[in-house]
Structure formats: structure tokens, C-alpha cells
Amino acid sequence: MSTICLYGSASGGIDPAHVELAATVGRLIGERGHDLVYGGGGTSVMGAAEAAARAAGARTTGVMPQALMDLELPPAGLGELVVTADMRQRKAEMDARADAFVVLPGGLGTLEELFEIWVARTIGLHTKPMAVLDCDGHYAGLRTWLEGLVERGFARPLVFDVVLWTDDPAQALDFLERAPRERVTLPSSEIVGSFAEYPTDGPGGPGGGAS
């Protein structure tokens, strides 16, 4: 058994398909014998995932900063509620309790969580697998933009090796269960000094015509 951290929206008024997706993921987490840690809300994507996971036998833990307690009401029946002083402590607590991460459709807060845990993975601060689950193209524009960063030399192609992008909930869980837990440290300017000190992956590196 492992604990899967789920990131996703707490906003109402979104496409019901996102909420249905969250319920499917929560159910699979419980049916496969895992536990769930998440942001603690009882609405939208977060609430649906928690309710389905708990109904399927998972222990659920919500982590919420004090400032949001009156805005994102925790659901009745939540296994454990951890109240933190601020958002930074919230993310740290969720990360520490998790063995793997799954990202569902969300907004700015979800993107912040995704990028923070993704960067930490690429520089070797943790070895936990990650999956971005997107069934209707919610993150398609983001993925295109990120691929553009690689093409322009702002990111290395290997960053995509440490995260699975999929539209299949079962495939996402399969990946989180089976992914090797090897420490991966990708080249960065902070580690090796400058991009000019290792071969280029594109036109922006040594010999690629950039000044």
C-alpha cells in the first residue's frame, strides 16, 4: 500500500466531466489498496476524489491552511484533517506524506503544485513518480508550451521522462505503482555552471548559431 497525493480543482461551475474523472481516480486509488492525501476540500474535483476513495476503502487525509478553512470546507467523514499555518506548509505536508503524485484538472493552485513537485523531481530532491491525467485537453495548451520551452533551449527534453501524461486513469495508476524509484538529476545551469558546458539538444546550444 502507498499514499497517493492528488492535486486538482476545488472550484465549482467547471465541466462535470472533470468531477467524474476525479471520482474514477479516487475509486481506483481505494480499490487498488492505496490511501489518499489531498488539499482537504469537499467540493469539485478534490471532493469527488476524496469521497470515491473513501467509499472504496482508502484512508483519506486532507491538508488545508487555516485561511481556507471557511472557503474550502472539509467533507464530513474525512479520515484525518491537518491544518497548516500557510500554503507552503500545506504543500510540504502533502509532499512528505505522499509516495506518488497524480495531477487532475485544476487552476493556478494546481499548476503551482505541479511545477513545484516536478522541478523537485528533475533536480533529484525526491524519487516519487508523477502522472498528469487529462481526459479532455485541459492541459493540452500547457503541454504544447512546455514542449516549446524544450525546442527553444529553456528546458531539457529529459524533463518529460520523469512524468507520465495520459488520458487514462488506469494507466496513470499503473505508472504510479510500477515506475522505478531511481534518483534522477537532470543537467541545469545551477549544477554544471552554464548550458554552454554540455552538448546542445537544439539550435540554442553550442554550434547551433546562437550568440
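**Note on the packing of H1 and H6**

1. H1 and H6 lie oblique to each other. The angle between the two helices is about 40°. Angles from 65 to 115 degrees would count as roughly perpendicular, and those under 35 as roughly parallel, so this pair falls in the oblique class. Keep in mind that this is a predicted model.

2. Where are the two helices? H1 covers residues 16-31, and H6 covers residues 169-178. Their axes are 10 Å apart. The crossing of this pair is right-handed.

3. Which residues make the contact? From H1 come Leu21, Thr24, Val25, Leu28 and Ile29. From H6 come Pro169, Ala170 and Leu173. By class, seven of the residues in this contact are nonpolar and one is polar. No charged residue takes part.

4. Now step back to the whole protein. How many helices and strands does the protein have? The count is seven helices and seven strands. Starting at the N terminus, the order of elements is β-α-β-α-β-β-α-β-α-β-α-β-α-α. Trace that order on the model as you read.

5. Next, contacts along the chain. Take contacts between residues at least 6 apart in sequence. Of these, 70% join residues at least 24 apart.

6. Last, burial and surface. The protein has 211 residues, and 47% of them count as buried. Its accessible surface is about 10,200 Å². Carbon and sulfur atoms account for 55% of that surface.

Conventions:
Residues numbered from 1 in each chain as written. Predicted model: local features only at pLDDT ≥ 70, side-chain atom pairs only at ≥ 80, totals over all residues. Heavy atoms only, no water. Helix = DSSP H or I, 4+ residues; strand = E, 2+ residues; numbered from the N terminus. Buried < 20%, exposed > 50% of the residue type's maximum accessible area, 1.4 Å probe, protein only. Contact = heavy atoms within 4.5 Å. Areas by Shrake-Rupley, 256 points an atom, 1.4 Å probe, with all protein chains shown as cover. Axes fitted to C-alpha atoms, helices over the stretch in contact; angles between N-to-C directions. Parallel < 35°, antiparallel > 145°, perpendicular 65-115°, else oblique. Left-handed = near helix turned anticlockwise from the far one by under 90°. Nonpolar A, V, L, I, M, F, W, Y, C, P; charged D, E, K, R; others polar.
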